[in-house]
Amino acid sequence: MGTDMATGPEASADSAPVVIVGAGPTGLVTANLLGQAGIETLLLEREPDLSDEPRAVSFDDESLRCFQRAGLLPVLDGVLVPGTGTKYFGTGGRPLFYSRGPRTPPNGHPIKSPFQQPELERALRDALKNHPTVTVNFGTEVTGYSQDPLGVTVQAVRQGEPVTQRASYLLGCDGGRSSIRSLSGATLTGSSYQDKWLVLDTTENPFQYDFAVHHGDPVRPHVIISGQDGNCRYEFLLPPDFSGEASLAMAREFLAPYRQISEGQIKRARIYSFHALVADKWQQGRVFLLGDAAHMMPPFAGQGLNSGIRDADNLAWKIAAVVGGMFPAELLTTYQIERRPHAEAMVELSQRLGSVIMTRSRLKAALRDRVVAVMLRVPRTRRYLETMRFKPLPRISAGFRFGRPNDPAGREVLGRLLPQPTVTRSDGTAVLLDEVLGDGFALLAVNPSNDELPSAILDRPVWQRLRPRLAGLRAGGSIQSVAGGPEIVTDAHGLLAPLLGGLQDVVLLLRPDRFVAAVFTAGEAAAIESKLAHWLGLGDNPSPDGL
């Protein structure tokens, strides 16, 4: 690994690395994704080493799916604790409901997996050793940058000395107090809460849940998230008139219903106020914001860091495709278009859960408890709560997606993150679908009657530029593949049946992040190829309908 931090400003975007600022989880995951794609990357962190504070505490199934494609799950073995959702309690500690997600996880992984951030960051940093194109420089603080048509010149201070670095793109993954956001002139809109919370990270916990616990008693709303090896996070809403700092006496008082605590068992004790803020501009030229630099949200939906991983998953493949010459730079303008609406929906969900579950109002809490009790009596609304249908689906309504399928089933799947079932191969082995699709673009034929589909439509240069992996998916029956043709698999548990059951001889164009970019039949292939040609810079129409 090695890129020179004093590269001259005459370097063009074709020869300069992608510079990432911030070696937190979002920056480290982005660096791993770019490294996997073979993109020269320089990760800069102003601190002398990784943080030792356990801030973020859990990943969802969408993040784990990203890690799966990036080959990161093996290095995270022993860091993540597979979890089973969240239990909610109401007034007086009475159970409200248990939100554990669908019986079959839609993305092939547990819906909530706790971790300790220091151990996570070390594992992600160690994984970068597998990518010779990635370099990490600690103790380097970015102080400014300037852009021109050929790239970005980054100014920084390292060990007290000014240095410059030429970059093709600059990614701000440097948290809620992002210097890159400040330098770019982007502003945050939304709310900052006056409520204060005591956050305690402890060791030697006498119990361990495999689910998160949200206590909505208005007397003292609080959250408990168990981790590995006796680690545990507690968050307590403080009285409105509270002022002061966290103390051992306060920790002992608040934890008394659960455990006794000594000073040596407290890894971190902080007083926090939460924010619900979104940046107005996530891209300015060659500069991008990811994670908390682009959006901050209350923790009650557990989606702050997970939203940052979605940012990385969305942007990394696009930068790799542009730097690698597959797509023109216009592809990058889809990043904010695609990601901001979903991030805003997660901010809204976090606010709503906080206001309903963590209310101090006895009247509001009593009303909440009664409404939940009624909802649990009705199968449809019970499933809404227990399977987490209140969590916004990952879907893009504009951006890199194109074509307008005539049938309702095709319209429903277009722009969706395709669920990942366990599929059965022709030799009888069972694997997750992404293991068949690979880590790049893919063409997936749904219920093909011809084993040569989608191979039969790939005789034009546009597909040769995209280099998609070919595969077929059947709901059942024979799964024998044609020699030399695409691999045909079957959905082992019928996970995709509700979404794809109405489709026959239809091809899905899947992006590297597994969103469905296009849905078409062999007869519609020419029209889709024409639209894709425009995205690839091979056509005359400068305005693809997906943007």
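Which residues lie nearest the centre of the largest cavity? I looked this up in what is a predicted model, and found E62, R310, D313, P394 and F515 nearest the centre, among 18 residues that line the largest cavity.

Entry on the cavity. I noted that the structure holds 1 cavity of 30 Å³ or more, and that the largest cavity has a volume of about 210 Å³. Sorting its lining by class, I recorded 9 charged, 6 nonpolar and 3 polar residues. I then looked up which helices contribute, and found that α2 (61-69), α6 (304-323) and α7 (334-357) each supply at least two residues of the lining, with α2 giving the most, 5 residues.

Entry on D60 and R310. I saw that D60 and R310 form a salt bridge, their closest N and O atoms being 2.8 Å apart; this pair links distant parts of the chain, since D60 sits in the loop between β3 (58-59) and α2 while R310 belongs to helix α6, 250 residues apart. I checked accessibility as well, and D60 is buried at a relative accessible area of 2%, while R310 also counts as buried, at 10%.

I counted 30 salt bridges by the rule used, among them that of E344 with R340, at 2.9 Å from N to O.

Terms used
Residues numbered from 1 in each chain as written. Predicted model: local features only at pLDDT ≥ 70, side-chain atom pairs only at ≥ 80, totals over all residues. Heavy atoms only, no water. 1 Å grid on protein atoms, 1.4 Å probe; cavity = no way out; pocket = protein on both sides within 12 Å on 5 of 7 lines; lining within 4 Å. Points joined across faces, edges and corners; volume = space filled by probe spheres on them. Helix = DSSP H or I, 4+ residues; strand = E, 2+ residues; numbered from the N terminus. Nonpolar A, V, L, I, M, F, W, Y, C, P; charged D, E, K, R; others polar. Salt bridge = Lys/Arg side-chain N within 4 Å of Asp/Glu carboxyl O. Buried < 20%, exposed > 50% of the residue type's maximum accessible area, 1.4 Å probe, protein only.
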